[in-house]
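Have the model open as you read.

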Amino acid sequence: MLYPKNIADKLGFDHVVEAAIECCESELGKQHFTRLKYSSKPDLVNLWLEQTNEVRNILSKGELSFSVSLDFDLQAKAARIKGFFYEIDVIQSLQDVLRTLEKVEKYFDQQEDIYPQLSLLFSTIDIDYGLISDIDQVIDLDGQVKPSASPALSKIISNITKSERAIIKSSNSLFLEAKEKGMLADTELGIKNGRVVLPVLSEYKRKVNGVLIDQSGTGKISYIEPLELVTLNNELAELHIKKRQEIVAILKQLTAKLVVYLDDIKRGIQKLGVYDFIRAKARIALEWKCTMPIIGTHTEARLAVHPLLVERLRAEKKQAVPLDYAFNKDQKLVVISGPNAGGKSVALKTVGLIQFMLQNGFLVPCAADSKFQLFDKMFVDIGDNQSIESDLSTYSSHLKAAKHIINFSDDTTLVLMDEIGTGTDPMFGGPMAEAVLEQIHKNKAYGVITTHFSNIKNKADNLNGVVNAAMLFDIENLLPLYKLQIGQPGSSFVYEVAANIGLNKKLIKRAKELTDTKQYDLDVLLAEVQGQQEKIRVEQHELTNKLAHAAFIEGEYRKLKEQLDTQKKEIISQAQKQADGLIKNANKEIEKTIRTIQESKADKTKTRQVREQLATKTTISEPEAKPSEPNFKIGDNVQLLDSNTVGEVLEIKRNKVTLQVGGITTKTSIDKLVKVGQQTAKKVKKYISETSYTDKQTSFRNELDVRGLRTYEALNEIDTMLDSAVILSVGTLRVLHGKGNGILRTEIRRHLKNHPSIKQISYERVDLGGEGISIIELV
């Protein structure tokens with residue numbers, strides 16, 4: 001049960017449908033939107049969602065693209081009458097449908113495991129796709145029956161060609177003869193009623209033997225068919241009649257083949273219409289970043305947004321603030337309070353529209369892990385329903401809605417009431433609203449209710465299953481934040497909003513004096529609590545980020561330590577092996593020396609020689625000293641290691657060197673450079689100009705994905721890309737680092753902050769990746 005009748009318009013669902021219809025390619029697909037049905041059956045809703053989600057996945061992959069006309073008349077009853085035949089344009093439309101059905105069936109046969117619901121949709125069609133080649137044998141690409149469609153047609157067309165040649169030959173002879181006599185107008189041979197005629201000046205018409213076929217508008221030219229051509233024209237006309245008769249016979253045969261599968265073709269067209277309908281919903285889902293949530297026994301929505309609001313704000317280059325909300329046995333009713341224009345009604349409509357979209361088979365704009373329960377009934381009281389015809393005031397219309405909600409709501413109902421109790425004296429409207437809330441709670445209904453009344457806020461705190469919620473407000477800047485916070489009521493910020501729009505300060509002061517002291521104190525307290533909670537929330541968020549950053553750094557440190565420990569063990573092991581080898585070789589040499597001395601019977605000269613050889617072979621060579629740190633000075637020519645890039649040193653700061661490379665300056669680490677002489681610099685520069693620059697230009701990509709890399713690896717990759725970009729004079733770079741906890745993004749920003757070649761760093765547009773992608777503009 002839905003209330004009121006125009007609930008779709010109240011929630012803005014009509015605009016959702018309009019947007020989806022614009023994505024349809026056939027009238028058949030559009031017709032399905034007129035038959036949308038709100039359902040609370042989990043199996044049916046899940047089927048709708050799965051079908052739409054499968055098409056969305058197909059579209060996102062760019063697969064199964066087709067466009068086919070479905071809006072033509074099959075004339076199903078007439079087609080079965082003997083002698084009926086389809087015209088060529090209908091046969092061509094049928095062929096397009098057959099080709100599309102064959103393509104779709106083949107695709108889903110191969111992808112049945114990935115797209116089970118869509119495979120099932122097209123599984124009941126049984127058509128002989130050999131009909132496609134049958135049509136190809138008869139009709140060409142220009143929509144004409146091929147001469148080869150039958151031997152008889154081929155012979156007739158051949159005779160027509162011969163007859164036309166004979167007519168042209170005879171008519172040209174007659175035309176030239178009449179023209180020499182000056183009897184013709186200054187025109188060429190004409191065709192009238194399918195017959196070749198001479199354009200004779202009317203004063204000579206009696207001098208030409210023939211039949212008068214027509215005259216010009218002025219009567220000055222008479223179109224005469226010479227007697228010599230009458231017989232030839234008659235023969236040609238007879239041949240054209242035979243041609244049409246043969247074509248009709250061919251089309252009848254082809255139609256008979258199609259009629260055998262007409263029911264399956266009709267069913268296929270209907271299924272393509274259904275697919276067009278589902279595809280339109282999927283296109284909207286892609287555009288609005290909708291997902292398929294989980295259908296269950298309770299609601300837990302995350303990052304939910306109003307799709308129409310998102311579209312409007314996108315045009316204004318703004319972003320909608322997402323909502324998190326839940327419905328369960330401990331939180332059935334949510335009472336939202338807060339300032340005017342603070343987002344209460346938008347939050348309520350967001351909850352309503354998303355639920356209504358979901359139960360009509362649309363994917364919804366929220367996090368994919370969101371959960372939703374289904375409601376049998378949905379009752380809405382939004383806006384002003386006053387009616388002169390029905391003699392309803394604003395308050396009366398609200399009472400009428402409240403009556404329906406109280407009488408028919410139960411534990412399967414979702415209730416949405418905006419500004420409950422308004423439209424009359426607050427002294428009486430407040431208690432009435434409180435009584436309505438009590439009854440809705442007694443009926444165990446679920447829902448969202450917005451209010452400014454303090455008694456409603458108090459009542460919400462005293463009823464089990466009812467919770468207060470507030471739309472947050474920035475007290476310092478006097479601006480609404482449009483964030484929903486569950487767990488406490490919100491202040492209306494009446495005086496703050498008034499001050500923000502520039503209302504007279506004395507007037508505001510006087511209003512405060514007239515306000516009930518207890519009520520004003522409560523409102524001030526709520527505002528202060530809300531401000532403190534928002535401050536705590538921001539600080540907690542910052543602390544969480546810092547802790548995550550610390551954990552990340554600790555993890556990086558542990559990984560680095562493990563690598564160093566592993567390398568240390570390997571070095572010690574290699575050194576031990578080398579030492580063992582040296583000792584073993586030394587022992588061999590000593591034994592050899594002893595044998596030589598013994599064999600020479602301790603000859604002094606021989607003994608001295610072998611001892612010197614032994615000393616040489618057993619001396620452990622000192623390891624080569626590592627080259628000292630490079631000593632550069634301003635003006636030196638240097639070359640980047642593993643690169644042909646040569647530049648001049650402009651500045652040296654600690655381990656960073658600023659280089660002049662051609663007309664461009666860049667910065668790099670000192671350990672990546674080697675000093676070169678003038679001649680080497682010239683040769684390298686020449687080599688760069690001839691080869692390397694072209695190679696770099698060909699292989700360079702201005703987009704780098706560093707997701708999954710460690711921080712130091714990512715920074716090295718970015719430095720390398722920057723060096724190449726500077727040399728190639730590239731203007732803009734894109735670095736994909738992802739969002740996550742923002743640690744990698746922060747480290748990259750910190751590393752590039754003072755880079756001399758960078759003009760500015762900004763984030764990508766939200767719809768293209770937002771804070772997960774940095775755009776680097778170079779000077």
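Which residues lie nearest the centre of the second largest pocket? They are Lys289, Val310, Gln319, Ala320 and Val766, out of 19 lining residues.

## Ground rules

This is a predicted model, where local features need pLDDT of at least 70 and side-chain atom pairs count only at pLDDT 80 or more, while totals for chains, interfaces and linings use all residues. Residues are numbered from 1 along each chain as its sequence is written, and side-chain values use heavy atoms, with hydrogens and water left out.

A pocket here is an open set of points on a 1 Å grid over the protein atoms alone, where a 1.4 Å probe fits, with protein on both sides within 12 Å along at least five of seven lines; lining residues have an atom within 4 Å of a point. Helix α12 (residues 307-315) gives the largest share of this lining, 3 residues. Helices are DSSP runs of H or I with at least four residues, strands are E runs of at least two, and both are numbered from the N terminus. By class, the lining has 12 nonpolar, 1 polar and 6 charged residues. Nonpolar covers Ala, Val, Leu, Ile, Met, Phe, Trp, Tyr, Cys and Pro, charged covers Asp, Glu, Lys and Arg, and the others, Gly among them, are polar.

The largest pocket holds about 1000 Å³ of space. It has 27 lining residues, and Leu303, Pro322, Lys483, Arg537 and His541 are the closest to its centre. Two or more lining residues come from each of β8 (323-327), β15 (479-486) and α19 (517-599), with α19 giving the largest share at 6 residues. Sorted by class, this lining has 10 nonpolar, 10 polar and 7 charged residues.

## Ring contacts

A search of the whole structure turns up 17 aromatic pairs, counting rings of Phe, Tyr and Trp (its six-membered ring) with centres within 6.5 Å; planes under 30 degrees apart are stacked, over 60 edge-to-face and the rest tilted. One of them joins Phe33 and Phe277 edge-to-face, at 4.7 Å centre to centre and 70° between the planes. Phe33 sits in helix α3 (residues 27-33) and Phe277 in helix α11 (residues 262-287), so this contact ties together parts 244 residues apart in sequence. Phe33 is buried at 6% relative accessible area, and Phe277 is buried too, at 11%. Buried means under 20%, exposed over 50% and partly exposed in between, with a 1.4 Å probe and protein chains only. Phe84 and Tyr86 have ring centres 5.2 Å apart and planes at 85°, so they are also edge-to-face; both are buried.

Phe33 and Phe277 also belong to a cluster in which ring pairs link them with Phe13, Tyr38, Phe356 and Phe362. Lys281 lies over the face of Phe362, 5.6 Å from the ring centre. Arg749 does likewise with Tyr763, at 4.2 Å. The test for a charge over a ring is NZ of Lys or CZ of Arg within 6 Å of the ring centre and within 35 degrees of the ring normal.

## Cysteines

How many disulfides does the structure hold? The count is 0, taking a disulfide as a pair of cysteine sulfur atoms within 2.5 Å. For Cys290, the nearest cysteine sulfur is that of Cys366, 8.1 Å away. Cys290 is buried at 2% relative accessibility, and Cys366 is buried at 6%.

Terms used:
Grid points are joined across faces, edges and corners, and a volume is the space filled by probe spheres set on the points.
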